[in-house]
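This report concerns a zinc site and helix packing. Please consult the sequence and the coordinates alongside the text.

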Amino acid sequence: MGTVVALNAHPDDESIFMGGTLTKLAAAGHRVVVVVATDGMMRGDDEPDPTQRLRELDAAATELGVSEVRWLGYADSGHGRDLYPDPPGRVRLVRADPDEPAEALAAVLRETAADLLIGYDPAGGYGHRDHIAVHRIARRAAELTGVRLVEATVPREVAVRLLTVTTRLRLTRGHDLEAARTWFTPAADITHRIDVRPFVAAKQRALGAHRSEINGPGRVARLMRILRRLPAWLIAPVVRTEHFIEPGSTTQSDRLL
Ligand SMILES: [Zn+2]
């Protein structure tokens, strides 16, 4: 059995972008370690409960069968606005010297004798600056250690199709649709398509563990509201299958290990 280390940007990304795959790997007997770069906290010292999202990640990890969660110690850099000042005692991920988190991740890969590292695609998924940072950190850590790397993504055409519908329904705006044309990865470049149908329920329970996001004013709550208004057939391609690219490979596969 192998060891898989999955680098994510924020608590909840592990459930949204790879939850079914991580559950499937764990169910097959592999050891799955989730490394999260940031604590997902935007505010500074007025945060009522600064460790809340990391605790929610622990609960989500239990649902996914993940054996261990580690935090690299950075704060959330936020999306689509000016970068806030650093909160006390933590640096926002994009302000860090890029070698620092890569070396920290490389140390985890060596310590766990990892067989596979999961990072994010070059677009950083939907382009959040912390997701682009995760792409670079994982590539660098793979170079430093020689551990095999795959990158989580979504077929770009599916994202554009979804945004076309939600823009017509006025659930999202035209600029989201324009942006989606550079998000994720063209379907033709995807190397791994993982059937996660038996693990959709576990993935939903894991997402539900991120209570402050599900019930909060943020991105995930908005995404959930939008998804609930769409027909099942439209969202099925991203719910039932999870997608990865292996840099430098064109071999198609339905399994990561
Ligand atoms: Zn994220």
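Predicted model: local features only at pLDDT ≥ 70, side-chain atom pairs only at ≥ 80, totals over all residues.

**Zinc site**

The zinc ion takes its protein donors from H10 (ND1), D13 (OD), D13 (OD) and H131 (NE2), at 2.0 to 2.6 Å. Along the sequence, the donor residues follow the spacing H-x2-D-x117-H. The angles subtended by the four donor atoms around the zinc ion run from 54 to 142°, so the arrangement is irregular.

**Helix packing**

| Helix pair | Axis separation | Angle | Crossing |
|---|---|---|---|
| α1 (residues 13-27) and α7 (residues 200-208) | within 9 Å | roughly 135° | right-handed |
| α5 (residues 156-168) and α10 (residues 232-239) | 10 Å | about 150° | left-handed |

The axes of α1 and α7 cross at roughly 135°, which makes α1 oblique to α7. On the α1 side the contact is formed by S15, I16, G19, G20 and T23, and on the α7 side by A202, K203, A206 and L207. By class, the residues of this contact of α1 with α7 comprise four nonpolar, four polar and one charged.

For α5 and α10 the packing angle is about 150°, and α5 is therefore roughly antiparallel to α10. Here α5 contributes V158, R161, L162 and V165 to the contact, while α10 contributes L234, I235, P237 and V238. The residues of the contact of α5 with α10 divide into seven nonpolar and one charged, with no polar residue.

Key
Residues numbered from 1 in each chain as written. Heavy atoms only, no water. Axes fitted to C-alpha atoms, helices over the stretch in contact; angles between N-to-C directions. Helix = DSSP H or I, 4+ residues; strand = E, 2+ residues; numbered from the N terminus. Parallel < 35°, antiparallel > 145°, perpendicular 65-115°, else oblique. Left-handed = near helix turned anticlockwise from the far one by under 90°. Contact = heavy atoms within 4.5 Å. Nonpolar A, V, L, I, M, F, W, Y, C, P; charged D, E, K, R; others polar. Donors = N, O, S within 2.8 Å, 3.2 Å for Na, K, Ca; no water. Tetrahedral: all angles 85-135°; square planar, octahedral: opposite > 155°, others 65-115°.
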